[in-house]
Amino acid sequence: MFQKILIANRGEIALRVQRACRELGIPTVAIHSTADADAMHVRLADESVCIGPPPARESYLNAASILSAATITGADAIHPGYGFLSENADFAEMVEAHGLAFIGPSPAHIRMMGDKIEAKSAMAALGVPLVPGSDGAVSDLDAARRIAAAIGYPVLVKAAAGGGGRGMKVANDADEIEEAWRTARTEARAAFGNDAVYLEKYLDRPRHIELQVLADGRGQVVHFGERDCSLQRRHQKLVEEAGSPALSAAERDALGARATSALAKIGYRNAGTLEFLYQDGQFAFIEMNTRLQVEHPVTEMVCGIDLVREQIRIAAGQELGYGQSDIRFTGHAIECRITAEDPETFVPTPGRVTAFHPPGGLGVRVDSALYAGYRVPPHYDSLVAKLIVHAPTRDQAIARLRRALAEFVVVGIKTTLPLHQRIVEDVGFQRGDYTIHWLERFVAGH
Ligand code: MV4
């Protein structure tokens, strides 16, 4: 097992990783920018190193500074958390070249899944269903016209290097394909330095369902069921659930079996999430994330597993030690992402938190690095707390969520708590029959 782990992140996820390390008896090193000297993740770590000025580019994204911090503190592994360098294959390679363990997949798999075209063709070849679309990149306009006509409009032009909603253009008919194809390519070149694009049939009312997997790199691959992440606005998720209100146990088992067998065949290792669109009872794989995700706690609650502990054990070379039949799904979990934003305009609201009272009680978990007196810096993501509830049924989870939201007090800055309170009261949310478009309409209607 590792002797010391450097956590290359900040905020709630740095605390989340520290907690797993502490339970494993592994000392931690925090890194921080000058803006984060008073941050909770620094206070609670065994050691800390200041790695640069506030802009992330010069601190949390500065691979050389982070590797120096690991070297001088004698860390033998790095956990990247989510965001920042977590899906940067070059960084993972540098970590390994320095003789340290990267707590995540191999650099080759991070690189493979970073290219959405490669990810899709690898998964399709192994029997995972896709949205009808181009077979690989579409590099000339004539091909784009031909393929779009064959799949049928509307189509989406997507950037191979994109993901998470960046670099997508819709063409509703043949008159729009040239413009969509050209702008997608131009934007992809500017944003990612890679103008490769591909086509997919546009699904008009899908749900966003993702599958959590763990692989030990020694032949064992298991899944921990799905999360429904359809409740998002401008590609920012607000609420996630495990399991999906739309899915049966049989559908989950079938999808899980296909996905785990595909990942076993490519020799995948550590945690991963396969993203699917789900419409009319059909799944279509769209991309794979090679990191721990923000919403991983809902999976932990229904499976009773510590995903970060498992990530660390796998990176240290240990076997999973259990199989799919050992994994049981109990009850329902819901997570609310609470951000330092105006709940109506979504304008960020950094500043000093004067009072902080998180909810508690049975089935309530709060992952947050906030404390009374803390100043939320303006330089980073606005996520300040994740409220996760777990209960035997979805209805009981909603009742618990309503109760926990009412207890939650954050004073000094505006947060999205009032928006979450309105969502739980809505009968559409309570019915659970929403798609990816539900939240935008809900927000617009208020
Ligand atoms: C799609 C789609 C409809 N049809 N692909 C957006 C994020 C990226 N991961 C994939 N995205 C979409 N791909 C096809 N063929 C609609 C979206 C989409 C979306 C997907 C998941 C969650 C929220 C979304 C919001 C808008 C569009």
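**Cysteines, ligand surroundings and helix packing**

Cys303 counts as buried at 15% relative accessibility, where buried means under 20% relative accessible area, exposed over 50% and partly exposed in between (1.4 Å probe, protein chains only). The model is predicted, so local features need pLDDT of at least 70 and side-chain atom pairs count only at pLDDT 80 or more, whereas totals for chains, interfaces and linings use all residues. Residues are numbered from 1 along each chain as its sequence is written, and side-chain values use heavy atoms, with hydrogens and water left out.

The sulfur of Cys303 has its closest cysteine sulfur in Cys229, 14 Å away, which is too far for a bond. A search of the whole structure returned zero disulfides (a disulfide is a pair of cysteine sulfur atoms within 2.5 Å). Cys21 is also buried, with a relative accessible area of 0%.

The ligand is surrounded by 18 residues, of which Lys158, Glu200, Lys201, Leu203 and His208 are the closest; a residue is taken as near a molecule or strand if one of its heavy atoms lies within 4 Å of it.

Lys120 is located in helix H6 (residues 116-125), where helices (H or I, at least four residues) and strands (E, at least two) are DSSP runs numbered from the N terminus. With 6% relative accessibility, Lys120 is buried. Leaving aside residues up to four places away in sequence, Lys120 touches Leu130, Val131, Tyr198, Glu200, Phe285 and Ile286 (contact means heavy atoms within 4.5 Å).

Besides Lys120, the buried residues of H6 include Lys116, Ile117, Ala119, Ala122 and Met123. The buried residues of this helix pack against helices H5 (107-114) and H9 (249-266) and against strands S6 (155-163), S8 (197-201), S12 (269-279) and S13 (282-289). At the start of H6, the backbone nitrogen of Ile117 has a side-chain oxygen of Asp115 within 3.0 Å. Just after the helix, Gly127 adopts a positive phi of about 90°.

Helix H12 (residues 394-407) has 14 residues and should span 20 Å at 1.5 Å a residue; its end C-alpha atoms are 20 Å apart, in agreement with this value. The expected span is 1.5 Å times one less than the number of residues. The buried residues of H12 are Arg394, Ala397, Ile398, Arg400, Leu401, Ala404 and Leu405. Viewed down the helix axis, these residues fall within an arc of 165° and therefore line one face of H12, the arc being that of the directions from the helix axis to the C-beta atoms. Their packing partners are strands S11 (236-242), S14 (332-339), S17 (364-368) and S19 (383-391), together with helices H13 (417-425) and H14 (427-431). The face of H12 turned away from the buried side carries the exposed residues Asp395 and Ala406. For Asp395 the relative accessible area is 59%. Asp395 and Gln430 are 35 residues apart along the chain, and their C-alpha atoms are separated by 7.6 Å.

In helix H3 (residues 63-73), which contains Leu67, this leucine is buried with a relative accessible area of 3%. Leu67 touches Ile78, Met94, Val95, His98 and Leu100 when residues up to four places away in sequence are not counted. The C-alpha atoms of Leu67 and Phe91 are separated by 9.5 Å, at a chain distance of 24 residues.

Several backbone features occur in loops. A cis peptide bond with omega of about -5° joins Tyr153 to Pro154, and Pro154 belongs to the loop between helix H7 (141-151) and S6. The bond from Ala242 to Gly243 is cis as well, with omega near -10°; Gly243 is in the loop between S11 and H9. Arg234 is not a glycine, yet has a positive phi of about 50°. Arg234 lies in the loop between strand S10 (221-233) and S11 and is exposed at 58% relative accessibility. Asp280, likewise not a glycine, has a positive phi of about 50°. Asp280 sits in the loop between S12 and S13 and is exposed, with 58% relative accessibility.

Methods
Polar contact = N/O pair within 3.5 Å; in protein donor to acceptor, adjacent residues only side chain to side chain.
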